[in-house]
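Please view the sequence and the model first; the notes on the ligand, its surroundings and the chain then follow by topic.

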Amino acid sequence: MTDCIFCRILRGEIPAQMVYDGPRAFAILDINPVSWGHTLVIPRDHFETWNELPADLAAELAKAAQVVARGVVKAAGAEGFNLLMNNHRCSGQAIAHAHFHVIPRKTGDEIKYQWKTKPYDPGVIEKVGSEVRAALMK
Ligand code: AMP
Ligand code: ZN
C-alpha cells in the first residue's frame, strides 16, 4: 500500500472525476488542466515510471490511453491531442506513479511547449546512434 495520490484516489480516500475504470488501468480528470478535458491514464498497480512497468501492463496502459484519448477528443470537440508521460522528477514528474496525460488540442489554442531544440553538429548524430544502439543491445 502506498501513500501516493493516485493510489489514494483508487482507494477512495481522495475524490476524483473517474472517466474510465478498467481492469488494469483507470483515468481521471486532471484537477489543474492544461485544456478542457485534460485526463490522466493510470495503471491500477503502483509503478514509478514507464520503464518499471511490466511489459504486459505497459501494453494494457497503452490500450487504455487509446480508448480514453478517443473519448476525450470527442467530448472536447478537439482536433487532436498530446499524449505524454513525464518520467522522474527531472522531466517534470510530480506524482511518482506512472501516468499518461491526454491533453485535447485545437488549432490556435496557444498552448505552448517550452522545448528548445537545436540540430546536431555535423557527424554527431551517427555517434549518438551508435551509442544508443549499443545501449539497447545490453
Ligand atoms: P506529472 O507532473 O506528470 O506527475 O503530473 C501530475 C498531474 O497530476 C498534474 O497535472 C496535476 O495537476 C495532477 N494532479 C495532482 N493532484 C491531483 C488530484 N488529486 N486529482 C487529479 N489530478 C491531480
Ligand atoms: Zn501509487
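An oxygen atom of ligand 1 lies 2.8 Å from an N or O atom in the side chain of H101. The protein covers 84% of the 510 Å² of accessible area that ligand 1 has on its own. The model is a predicted one, and the space that ligand 1 takes up in it is the largest pocket.

**Polar contacts of the ligand**

- Besides the side chain of H101, which is 2.8 Å from a ligand oxygen atom, the backbone of the protein also takes part: a polar backbone atom of G92 is 2.8 Å from an oxygen atom of ligand 1.
- A polar backbone atom of I95 is found 2.9 Å from an oxygen atom of ligand 1.

**The shell around the ligand**

- Ligand 1 is surrounded by 15 residues, and the closest of these are D30, N86, G92, A94 and H101.
- By class, the shell around ligand 1 holds eight nonpolar residues, six polar residues and one charged residue.

**The largest pocket**

- The pocket in which ligand 1 is placed is the largest pocket, and the volume of this pocket is about 730 Å³.
- Its lining is made up of 32 residues, of which D30, H38, L40, N86 and H101 are the closest to the pocket centre.
- Two or more lining residues come from each of the elements α1, β2, β4 (80-84) and β5 (100-105).
- The lining of the largest pocket divides into 19 nonpolar, 10 polar and three charged residues.

**The protein chain**

- The secondary structure of the protein chain consists of three helices and five strands.
- Read from the N terminus, the order of these elements is α-β-β-β-α-β-β-α.
- The C-alpha trace of the chain spans about 55 × 40 × 25 Å along its principal axes.

Methods
Residues are numbered from 1 along each chain as its sequence is written. Chains are lettered from A and ligands numbered from 1 in the order in which they are written. This is a predicted model: local features need pLDDT of at least 70, side-chain atom pairs count only at pLDDT 80 or more; totals for chains, interfaces and linings use all residues. Side-chain values use heavy atoms; hydrogens and water are left out. A residue is near a molecule or strand if one of its heavy atoms lies within 4 Å of it. A polar contact is a pair of N or O atoms within 3.5 Å; within protein, one must be able to donate a hydrogen and the other to accept it, and residues adjacent in sequence count only if both atoms are side-chain atoms. Accessible areas come from the Shrake-Rupley method with a 1.4 Å probe; for residues, only the protein chains shown count as cover. On a 1 Å grid over the protein atoms alone, a cavity is a set of points where a 1.4 Å probe fits but cannot get out, and a pocket is an open set with protein on both sides within 12 Å along at least five of seven lines; lining residues have an atom within 4 Å of a point. A molecule sits in a cavity or pocket if more than half of its atoms lie within 2 Å of its grid points. Ala, Val, Leu, Ile, Met, Phe, Trp, Tyr, Cys and Pro count as nonpolar, Asp, Glu, Lys and Arg as charged, and the others, Gly among them, as polar. Grid points are joined across faces, edges and corners, and a volume is the space filled by probe spheres set on the points. Helices (H or I, at least four residues) and strands (E, at least two) are DSSP runs, numbered from the N terminus.
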